[in-house]
Amino acid sequence: MTAVPCCVDPDSPVGCLPMGWRLKAMAFRVLEMPGGKHAHYFLQRHVTRTWPRPAATLVSLQNIARRVVEDYARHVGGTPSSVLEIGAGRDLAVPLALRRLGVAKVIASDVNRLARLDLIQHAARRILTGDVTLESWDHLERFGVCYRAPHDVTDTDQKVDCSCSNEVLEHIPPDQLVRLLAGLRAVTVGITTHSIDYSDHYARSDSSLSRFNFLKYDDAQWRPFNSGLQYVNRLRHSDYVRLFREAGFAILEESSVPGEPSAEIVDNVAPRFRQYEPADLFALRGRIVAQ
């Protein structure tokens, strides 16, 4: 019997079903049609059962929140009184964890309104350990988590001590990313801290696929597979460092984790990626802390 790989991709419409990545890309394209977003969530909730999140994932997200607070303490001092999270997702787990860590106000921002009150309540029962019952959106706001979606961050937004994101920036088209970073620079008083996934996201639920598979394709070849529901910009670590600096940020910390591409990947890198140094090109993930 062939084992089905463990699914770690909550955005997949087909979870861990044994299907090729090209077929999965086609499924995402179908879900871009009218009504597709509702169908996407239905599949995630009732077929692949990736929502609500399991306890282990919620623990990991609490650690992400803790790292944000630690970054702030290290570079600014103390605990931020306000934090803006970009791409807060469906259950607002990181904002809830930030509140538990002592952040007085968390603004959870997203370009699409994805959050669902029942998923937030599920996360709250585990992250807040039953201390708070979030019965409504108004109750959530009075608790200190302000959900803003759909919303684009601009220089007119409320200023915050700290801004952050977790595996979100790679999903933003480069031109929109430039505008987002300009907005973050305008509203962030202290630091901005971000974790970025540089790998091919189709490999998350297909262990046979290289995490650098998408580097073999030029933009025209990759476009059919790069749907709105699974869009990745394929920028590398050096690109993000440059964009942060061009937005006016001073880099406080930046690091990346290298991967080990196969010879087949190395020998077939698309021309547009050949100007990168290997350590930069084949980074799997990275972090940037800036001020």
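## Close-up views of a predicted model

**View 1. The strands of the sheet are arranged as β3-β2-β1-β4-β5-β7-β6.** In this predicted model, the seven strands form an open sheet in which the pairing is mixed. The edges are taken by β3 and β6, each of which pairs on one side only. On average, and with direction ignored, neighbouring strands of the sheet are turned by 15 degrees against each other. Helix α7, made of residues 174-187, packs on this sheet and touches β1 (82-86), β4 and β5, and the direction of α7 makes about 145 degrees with that of β5. For orientation, the protein as a whole has eleven helices and seven strands, and 49% of its 291 residues count as buried. Among the contacts in the protein with a separation of 6 or more, 76% are between residues 24 or more positions apart. The protein exposes about 13,700 Å², of which carbon and sulfur atoms supply 53%.

**View 2. Strand β7 pairs with β5 and with β6.** Strand β5 (residues 188-197) and strand β7 (residues 283-290) are joined in the antiparallel sense over six bridges. Within this pairing, T193 stands opposite V289 of β7, while I196 has G286 of β7 as its bridge partner. Strands β6 and β7 also run antiparallel and are joined by seven bridges, and here E254 stands opposite I288 of β7. Seven of the eight residues of β7 are buried, so this strand is largely enclosed by the rest of the structure.

**View 3. P258 is an exposed residue in strand β6.** Strand β6 covers residues 251-258, and P258 has a relative accessible area of 57%; P258 counts as exposed because this value is over the 50% cut-off. Leaving aside neighbours within four places in sequence, P258 is in contact with F282, A283 and L284. P258 and L281 are 23 residues apart in sequence, and their C-alpha atoms are 8.8 Å apart in space.

**View 4. The largest nonpolar core has 34 residues, and among these L92, L96, L98 and I127 touch the most other members.** Two or more residues are given to this core by each of α3 (55-75), α4 (93-100), β2 (105-109), α5 (117-127), α6 (137-143), β3 (145-148) and β4 (160-166). The largest share, seven residues, comes from α3. When neighbours within four places in sequence are left aside, L98 is in contact with A65, V68, V69, V83, V103 and V106. A second, separate core holds 24 residues, including V160, I196, L243 and A290. In soluble globular proteins, nonpolar side chains tend to be buried together.

**View 5. Helix α5 has L119, I120, H122, A123, A124 and I127 as its buried residues.** One of these, I127, is also among the residues that touch the most other members of the largest nonpolar core. An α-helix has 3.6 residues a turn, so residues three or four places apart point the same way. Just after α5, T129 takes a positive phi of about 50 degrees.

**View 6. L92, in the loop between β1 and α4, has a positive phi.** Most residues other than glycine have a negative phi, and most peptide bonds are trans. The phi of L92, however, is near 55 degrees. L92 has a relative accessible area of 0%, and L92 is therefore counted as buried, the cut-off being under 20%.

**View 7. The peptide bond from A149 to P150 is cis.** The omega of this bond is near -5 degrees, and P150 has its place in the loop between β3 and β4.

**View 8. R234, in the loop between α8 and α9, also shows a positive phi.** The phi of R234, a residue other than glycine, is near 65 degrees, and R234 counts as buried at 4% relative accessibility. Helix α8 spans residues 219-222, while helix α9 spans residues 237-246 and contains D239. At 7% relative accessibility, D239 counts as buried, and the side chain of D239 reaches the backbone nitrogen of R236 at 2.9 Å.

Notes
Residues are numbered from 1 along each chain as its sequence is written. This is a predicted model: local features need pLDDT of at least 70, side-chain atom pairs count only at pLDDT 80 or more; totals for chains, interfaces and linings use all residues. Side-chain values use heavy atoms; hydrogens and water are left out. A nonpolar core is a set of buried Ala, Val, Leu, Ile, Met, Phe, Trp, Tyr and Cys residues joined through side-chain atoms within 4.5 Å. Buried means under 20% relative accessible area, exposed over 50%, partly exposed in between (1.4 Å probe, protein chains only). Helices (H or I, at least four residues) and strands (E, at least two) are DSSP runs, numbered from the N terminus. Contact means heavy atoms within 4.5 Å. Two strands pair if DSSP finds at least two bridges between them. Axes are lines fitted to C-alpha atoms, for helices over the stretch in contact, and angles run from 0 to 180 degrees between N-to-C directions. Accessible areas come from the Shrake-Rupley method with a 1.4 Å probe; for residues, only the protein chains shown count as cover. A polar contact is a pair of N or O atoms within 3.5 Å; within protein, one must be able to donate a hydrogen and the other to accept it, and residues adjacent in sequence count only if both atoms are side-chain atoms.
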